[in-house]
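Subject: Handing over a structure

Hi,

Please have a look at the chains first and then read on.

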Protein chains: 2
Amino acid sequence: MAINPLPPGAGTAIGIDGLIALLAKLPGLGPRSARRAVLQLIKKRESLMQPLARALAEVADSIRICSTCGNVDVQDPCAICRDPKRDAGLICVVEDVSDLWALDRAGLFRGRYHVLGGTLSALDGIGPDDLNIGPLVDRVRKGDIREVILALNATVDGQTTAHYITDRLGALNVDVTALAHGLPVGGELDYLDDGTLAAAMKARRKF
Amino acid sequence: MAINPLPPGAGTAIGIDGLIALLAKLPGLGPRSARRAVLQLIKKRESLMQPLARALAEVADSIRICSTCGNVDVQDPCAICRDPKRDAGLICVVEDVSDLWALDRAGLFRGRYHVLGGTLSALDGIGPDDLNIGPLVDRVRKGDIREVILALNATVDGQTTAHYITDRLGALNVDVTALAHGLPVGGELDYLDDGTLAAAMKARRKF
């Protein structure tokens, strides 16, 4: 047997341990679950590990930020912005791509989106220029937009951002709406916070 | 703008959605956390996504099962089997590579390992020939082995396997030992099962 010039353990340190360290950086995985994931990957080398390596490399190479709406996709404009069956007169404004995905999975909105990339935050020093707000105003000014739906999180920062955007769009001929507050479907009164209960009571409707 | 010949959404379906589906197959990740992981990967394309793709491809190409002990490594024999500072006269028998890693992280054992690849199981139809037991007997017969430490799980199948291996090694000149049963360090009596308490009582020692 030829003596390997690497010191013992070096092969492992570069390969498997490095892979574990990288996987452990993913949200939802820590060092322990990354080790389990690597063992699983090694056991399923052909059916999982190699396809995953290829998919990661492919997406890393081809991913683009949509210059129209800020969505991520492998093409620019993204598949949503170039879909002619979607209503180009409706724009749903979201904080992050994950929110866009959540709304689109629900399958109830057939307009287009605009991703802000965050919310205004005095604490974190995030101002209007740090967000994708200027391009939204431009889209509304140029395009034939009937309605802008603000689907921002029901947090202080989210609502501050919603008010700011409403102000910026005020002079333009467009309806600005926001998602309703109220009871989540399946929610029990007992477990809901006072703010949600107050909002649901205030927005009560004829039954 | 040139019209892309792909139907709308096709780019996404191949790339990002395929990546999410593959990541969701890892233990500890489901569809929701896989989506979060992909967004994180996209945000950290250069610092995380590309290195992870490379590490996966590299490990998938170079991973080997050690022909001596059954460990996984990027070389064969593995780094542990070729480490001259480890005591070649001690073999610690474990069920799975994850057990080997757990023991080696603890850093208290400086001998070598033997990975069975599972336990005997009448229910699952796993017999001695399905496990890495024959090669263990060969290692003990050929080599200068003083002691075989059975570090199998304290389950019915684990202990059945331990008894079987003890039988197989009975005719050879080697000590066969097993990990002690007892209280886990930091464990509270109140929370322990009766079996552990009985084992700890039976194996009590002078204080």
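Two strands are said to pair if DSSP finds at least two bridges between them. Strands themselves (E, at least two residues) and helices (H or I, at least four) are DSSP runs, numbered from the N terminus. With that in hand, chain A has an open sheet of four strands in the order β4-β3-β5-β6, with parallel pairing. Its edge strands, each pairing on one side only, are β4 (112-115) and β6 of chain A. On average, neighbouring strands of this sheet are turned by 25° against each other, direction ignored; such angles run from 0 to 180 degrees between N-to-C directions, and the axes are lines fitted to C-alpha atoms, for helices over the stretch in contact.

Before going further, a word on the basis: this is a predicted model, in which local features need pLDDT of at least 70 and side-chain atom pairs count only at pLDDT 80 or more, while totals for chains, interfaces and linings use all residues. Residues are numbered from 1 along each chain as its sequence is written, chains are lettered from A and ligands numbered from 1 in the order in which they are written, and side-chain values use heavy atoms, leaving out hydrogens and water.

Now the sheet, strand by strand. β3(A) and β4(A) pair in the parallel sense over four bridges, and Cys92(A) has Tyr113(A) as its bridge partner in β4(A). Right-handed means that, with the strands pointing away from the viewer, the path from the first strand over the helix to the second runs clockwise.

On to the next pair: strand β3 (residues 90-94) of chain A is joined by four bridges to strand β5 (residues 147-150) of chain A, and the two run parallel. Here Ile91(A) is partnered by Val148(A) in β5(A). β5(A) also pairs in the parallel sense with strand β6 (residues 175-178) of chain A, over four bridges, where Ile149(A) has Thr177(A) as its bridge partner. Together with helix α7 (residues 156-169) of chain A, β5(A) and β6(A) make a right-handed β-α-β unit.

Is β3(A) buried or exposed? Five of its five residues are buried, so β3(A) is largely enclosed by the rest of the structure; buried means under 20% relative accessible area, exposed over 50% and partly exposed in between (1.4 Å probe, protein chains only). Leu90(A), Cys92(A) and Val94(A) point one way from the strand, and Ile91(A) and Val93(A) the other. In a regular strand, side chains alternate between the two faces of the sheet.

Helix α6 (residues 134-142) of chain A lies across β3, β4 and β5 of chain A, at about 150° to β4(A). α7(A) packs on the sheet, touching β3, β5 and β6 of chain A, and its direction makes about 165° with that of β5(A). Contact here means heavy atoms within 4.5 Å.

Elsewhere, the buried residues of α3(A) include Ala34(A), Val38(A), Leu41(A) and Ile42(A). They pack against α2 (16-23) and α4 (45-62) of chain A, together with α4 (45-62), β2 (72-73) and α5 (97-106) of chain B.

Which peptide bond is cis in chain A? The one from Asp76(A) to Pro77(A), with omega near 0°; Pro77(A) is found in the loop between β2 (72-73) and β3 of chain A. In chain B, a cis peptide bond joins Asp76(B) and Pro77(B), with omega about 0°.

Finally, the records. An unreviewed UniProt entry lists residues 66-81 of chain A as "zinc finger region: C4-type", and over that stretch the chain is 0% helix and 12% strand. The UniProt annotation "domain: Toprim" (unreviewed entry) covers residues 89-184 of chain A, where the chain is 34% helix and 18% strand. UniProt positions are given in the numbering used here, feature names are shortened, and annotations may be inferred rather than shown by experiment.

Best wishes
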